[in-house]
Amino acid sequence: MAEILLDPDIRIWVILPIVLITFFVGLIRHHVVLLLQSEKKTDRDQVTDSQVLIKSRLLRENGVHIPKEGFLARKHFFNNSQTGFFKTTKRSSRMQNPMGDPTMMMDMMKGNLTNILPMIVIGSWINWTFSGFVTTKVPFPLTLRFKPMLQRGVELTTLDASWVSSMSWYFLNVFGLRSMYALVLGADNSADQSSAMMQDPMMSGGAAMGMVPDSNKAFKSEWEALQIVDHEWSLESIEEELMSRPARISDAGPAYTKDKHV
């Protein structure tokens with residue numbers, strides 16, 4: 001197979017513009033998401049339930065470091081059959097239908113606007129503007145199975161699978177600029193378009209925030225997990241263990257006092 005020589009101008013007029021367009025579109029998308037992001041109200045009961053579950057889990061995992069009386073007192077607070085938190089607290093089901101809440105529908109539309117629309121518009125424009133260009137070549141041989149992924153828009157059966165088309169170069173930048181976005185905008189940014197591609201459109205835009213987990217089921221599971229925990233204080237005989245250890249001899253030598261009159 002004959003070797004292909006690319007025009008050096010492709011680096012300036014194809015490769016570099018696609019990189020810059022992809023990068024700046026991600027920056028614009030990040031700021032648009034921040035502008036369209038609606039303020040989410042925090043449910044007090046939901047925060048209380050999550051904190052109680054965390055405290056109960058910490059008690060199960062680290063209860064061996066407190067005396068048995070303290071462990072039983074905390075366990076009584078959570079699991080008592082009459083006054084325990086997990087037995088007396090009943091939460092009403094807060095499962096909401098996203099199609100029936102106008103706020104959630106608006107958030108879902110915003111998510112689709114910022115996630116799906118830029119991908120379609122920029123991808124179509126790049127495919128129309130830079131159609132038929134071969135941009136670069138990967139520095140290792142590839143099999144023919146990689147041709148549909150790396151040579152989108154260039155349907156040549158005789159072309160080596162290591163060559164990358166302009167459309168595939170755009171998708172490589174979509175996934176490859178993730179570290180650059182994290183460096184410029186921070187780890188928690190909305191510029192990464194690859195996450196939008198892997199995200200379910202029905203769950204984007206904050207619509208999933210309405211799906212609150214069932215607290216009653218979580219309380220029942222945590223009650224059962226805490227109920228079977230047996231307490232064994234790990235520091236019960238710590239004094240005897242410390243006293244039984246041999247005393248360490250200091251390496252500094254015998255202590256002495258210096259005569260202050262000398």
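Select N80 and Q82 to T83 first. A polar atom of the N80 side chain lies 2.8 Å from the backbone nitrogen of T83. The N80 side chain also has a polar atom 2.9 Å from the backbone nitrogen of Q82. Keep in mind that this is a predicted model.

Stay on N80. Where does N80 sit? N80 is in the loop between α3 (68-79) and α4 (85-88). Is N80 buried or exposed? N80 counts as buried, because its relative accessibility is 19% and the cut-off for buried is under 20%. Now show K75 and K87. N80 is in contact with both, leaving aside its neighbours within four places in sequence.

**Zoom out to the whole chain**

Switch to a cartoon view. The protein chain has 11 helices and two strands. Trace it along the sequence, and the pattern reads α-α-α-α-α-β-α-β-α-α-α-α-α. Of the 262 residues, 31% count as buried. Residues 24 or more positions apart account for 71% of them.

**Look inside**

Select I18, I126 and Y170. These residues belong to the largest nonpolar core, which has 18 residues, and they touch the most other members. Colour α1 (9-36), α5 (102-129) and α7 (166-176), the elements that give two or more residues to this core. Which of them gives the most? That is α1, with five residues. In soluble globular proteins, nonpolar side chains tend to be buried together.

Show the accessible surface. It comes to about 18500 Å² for the protein chain, and 62% of it belongs to carbon and sulfur atoms. Now select L113, I116, L117, I120 and V121. Together they make a nonpolar surface patch of about 420 Å². One of these residues, I120, is found in helix α5.

**Follow the salt bridges**

How many salt bridges are there? The count comes to five. Visit three of them.

Start with D45 and R91. Their side chains meet in a salt bridge, at 3.6 Å from N to O. D45 lies in helix α2 (residues 44-62) and R91 in the loop between α4 and α5, so the pair ties together parts that are 46 residues apart in sequence. D45 is partly exposed, with a relative accessible area of 33%. R91 is buried, at 18%.

Move on to E222 and R60. They form a salt bridge, and their closest N and O atoms are 2.7 Å apart. E222 is in helix α10 (residues 215-227) and R60 is in helix α2, so the eye has to jump between distant parts of the chain, 162 residues apart. E222 counts as buried at 10% relative accessibility, whereas R60 counts as partly exposed at 27%.

Then pick D160 and K137. This salt bridge has its closest N and O atoms 4.0 Å apart. D160 is in the loop between α6 (147-150) and β2 (163-165), and K137 is in strand β1 (residues 134-137). They are 23 residues apart. Are they buried or partly exposed? D160 is partly exposed, with a relative accessible area of 26%. K137 also counts as partly exposed, at 32%.

Definitions and conventions. Residues numbered from 1 in each chain as written. Predicted model: local features only at pLDDT ≥ 70, side-chain atom pairs only at ≥ 80, totals over all residues. Heavy atoms only, no water. Core = buried A, V, L, I, M, F, W, Y, C linked by side-chain atoms within 4.5 Å. Buried < 20%, exposed > 50% of the residue type's maximum accessible area, 1.4 Å probe, protein only. Helix = DSSP H or I, 4+ residues; strand = E, 2+ residues; numbered from the N terminus. Contact = heavy atoms within 4.5 Å. Areas by Shrake-Rupley, 256 points an atom, 1.4 Å probe, with all protein chains shown as cover. Polar contact = N/O pair within 3.5 Å; in protein donor to acceptor, adjacent residues only side chain to side chain. Patch = residues over 30% accessible without salt bridge, like charges linked within 9 Å, V, L, I, M, F, W, Y side chains within 5 Å.
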